[in-house]
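Visitor: Hi, I'm new to this one. Could you walk me through it?
Guide: Happy to. Let's have a look together.

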Amino acid sequence: MWRITVVLTLFVLAGCSSTPKGVDCPGEVSTIYGQSMGNTQARIFDLVNAFAVTRDGVKVQSGTLHSTDRFQYVPSAITAEGFYAQRLSDKQFRLINPYQNTMITWTCP
């Protein structure tokens with residue numbers, strides 16, 4: 001009985017202390033007007049009300065995503081870098097760089 005209690009306690013502690021692992025997702029780079037510019041790959045950390053994108057050692061965090069009505073408007077935020085971050089669905093994320101007229105849309109498996 002003692003062993004079962006110890007094992008269960010370890011499983012509970014391990015589950016509570018885990019951090020988001022992130023998912024490798026392919027992305028499409030395009031202009032704001034939709035002209036394709038190529039493909040990319042990044043690791044997406046989905047935090048439900050925010051997300052983070054990591055690529056080549058650089059990490060961009062969306063910050064808290066806001067939407068007055070999630071059924072009508074896409075949850076979005078402005079990052080510290082000045083990018084427009086959008087959560088298009090539970091598997092699709094987008095960063096828009098208005099200064100360079102580009103956007104990247106990642107679709108995760």
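**A turn, some strands and a pocket**

Guide: Let's start with Asn101, which counts as partly exposed because its relative accessibility is 30%. Keep in mind that this is a predicted model.

Visitor: Okay, where does Asn101 lie?
Guide: Asn101 is in the loop between β7 and β8. Those two strands form a hairpin with four residues between them.

Visitor: What about the phi of Asn101?
Guide: Asn101 has a positive phi of about 55 degrees, although it is not a glycine. Most residues other than glycine have a negative phi.

Visitor: Which other residue has a positive phi without being glycine?
Guide: Asp56 is one of them, with phi near 50 degrees. Asp56 is found in the loop between β3 and β4.

Visitor: Is Asp56 buried or exposed?
Guide: Asp56 is exposed, because its relative accessible area is 69%.

Visitor: And Arg55, where does that lie?
Guide: Arg55 lies in strand β3. With a relative accessible area of 42%, Arg55 is partly exposed. From Arg55 to Gln41 the C-alpha distance is 7.5 Å, while in sequence they are 14 residues apart.

Visitor: Which strand pairs with β7 over four bridges?
Guide: That is strand β6, residues 84-87, which also pairs with β7 in the antiparallel sense. Ala85 has Leu95 in β7 as its bridge partner. β6 and β7 form a hairpin too, with four residues between them.

Visitor: How many of the residues in β7 are buried?
Guide: Five of its six residues are buried, so β7 is mostly covered.

Visitor: Changing topic: how many aromatic pairs does the structure hold?
Guide: The structure holds one aromatic pair. Phe51 and Phe93 form it, 5.0 Å centre to centre, with 50 degrees between the planes, and the pair is tilted.

Visitor: Which strands do Phe51 and Phe93 come from?
Guide: Phe51 is in strand β3 (residues 51-55) and Phe93 in strand β7 (residues 92-97). The pair links distant parts of the chain, since the two residues are 42 residues apart.

Visitor: Why does Phe51 count as buried?
Guide: Phe51 counts as buried because its relative accessibility is 2%, and buried means under 20%. Phe93 is buried as well, with a relative accessible area of 2%.

Visitor: What sits over the ring of Phe45?
Guide: The charged end of Lys59 does, 5.2 Å from the centre of that ring.

Visitor: Now pockets. What volume does the largest pocket have?
Guide: The largest pocket has a volume of about 280 Å³, and 16 residues line it.

Visitor: Which residues lie nearest its centre?
Guide: Nearest the centre of the largest pocket are Val60, Phe83, Leu95, Ile104 and Trp106.

Visitor: Which elements give two or more residues to the lining of the largest pocket?
Guide: They are β3, β4 (58-61), β7 and β8 (102-107). The largest share, four residues, comes from β8.

Visitor: And what does that lining have by class?
Guide: In the lining of the largest pocket, nine residues are nonpolar, five are polar and two are charged.

Conventions:
Residues are numbered from 1 along each chain as its sequence is written. This is a predicted model: local features need pLDDT of at least 70, side-chain atom pairs count only at pLDDT 80 or more; totals for chains, interfaces and linings use all residues. Side-chain values use heavy atoms; hydrogens and water are left out. Rings of Phe, Tyr and Trp (its six-membered ring) pair if their centres lie within 6.5 Å; planes under 30 degrees apart count as stacked, over 60 as edge-to-face and the rest as tilted. Buried means under 20% relative accessible area, exposed over 50%, partly exposed in between (1.4 Å probe, protein chains only). A charge sits over a ring if NZ of Lys or CZ of Arg is within 6 Å of the ring centre and within 35 degrees of the ring normal. On a 1 Å grid over the protein atoms alone, a cavity is a set of points where a 1.4 Å probe fits but cannot get out, and a pocket is an open set with protein on both sides within 12 Å along at least five of seven lines; lining residues have an atom within 4 Å of a point. Grid points are joined across faces, edges and corners, and a volume is the space filled by probe spheres set on the points. Ala, Val, Leu, Ile, Met, Phe, Trp, Tyr, Cys and Pro count as nonpolar, Asp, Glu, Lys and Arg as charged, and the others, Gly among them, as polar. Two strands pair if DSSP finds at least two bridges between them.
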